[in-house]
Amino acid sequence: MHGAFNMLTLVNRQKLLEAGKGTRFGANWPGQRCLAKTRQGKACKNPAMKNRGRCRLHGGKSTGSRTPEDKKQAAAAHTKHGRRSKAHMEKVRQINADLRRVILQGRRAGLLP
Ligand SMILES: [Zn+2]
């Protein structure tokens, strides 16, 4: 009875080892790695979290800014000069449209060549 139990567990163990091979995080693991720069200057080898691209130690757990103040702060940190901001681009577009209209009116009135 004891021997049969051992054989059974051995078979199960072998099956489990085979079943886990595809998902083991060894050197030949085919999945996506974190690749963040570590303090040793090398790429992190941990598996990246799903849909995040980084491991749990390198920002993979972060869900980003949640409150409006935090979102504003994050946007401010990513803004260099604001010349490409939505508000500024719209202002420039409006100025150019006004300029085109004035030039067209000037031409129609014969004030411009
Ligand atoms: Zn990492």
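Let's start with helix α3, which is hardly covered: of its 23 residues, the count that are buried is zero. Here a residue is called buried if 20 or more other C-beta atoms lie within 10 Å of its own, exposed if 12 or fewer do, and partly exposed in between, with the C-beta atoms placed from the backbone. Helices (H or I, at least four residues) and strands (E, at least two) are DSSP runs, numbered from the N terminus.

Before going further, a word on what you are looking at. This is a predicted model, in which local features need a pLDDT of at least 70 and side-chain atom pairs count only at pLDDT 80 or more, while totals for chains, interfaces and linings use all residues. Residues are numbered from 1 along each chain as its sequence is written. The pLDDT is the predictor's confidence in each residue, from 0 to 100. Its mean over the protein is 87, and 88% of the residues reach 70 or more.

Now for the overall plan. The protein has three helices and zero strands, so read along the sequence its pattern is simply α-α-α. Buried residues make up 2% of the 113 residues in the protein. Two residues are in contact if their C-beta atoms, placed from the backbone, lie within 7 Å. Among contacts between residues at least 6 apart in sequence, 3% join residues at least 24 apart.

Back to α3, whose length can be checked. The expected span of a helix is 1.5 Å times one less than its number of residues. For the 23 residues of α3 that gives 33 Å, and the end C-alpha atoms are 33 Å apart, which agrees. Just after this helix, G110 takes a positive phi of about 80°.

Let's turn to the loop between α1 and α2. One of its residues is G26, which is exposed because it has 6 other C-beta atoms within 10 Å. The C-alpha atom of G26 is separated by 9.9 Å from that of N46, 20 residues apart from it along the chain.

Most residues other than glycine have a negative phi. In this loop you can find L35, whose phi is positive, near 65°, although L35 is a residue other than glycine. L35 counts as partly exposed because 16 C-beta neighbours lie inside 10 Å. N51 also sits in the loop between α1 and α2, and this residue, not a glycine, has a positive phi of about 60°. With 6 other C-beta atoms within 10 Å, N51 is exposed.

R52 is found in the loop between α1 and α2 (68-77) as well. It has 16 C-beta neighbours inside 10 Å, so R52 counts as partly exposed. Between the C-alpha atoms of R52 and S62, ten residues apart along the chain, the separation is 8.7 Å.
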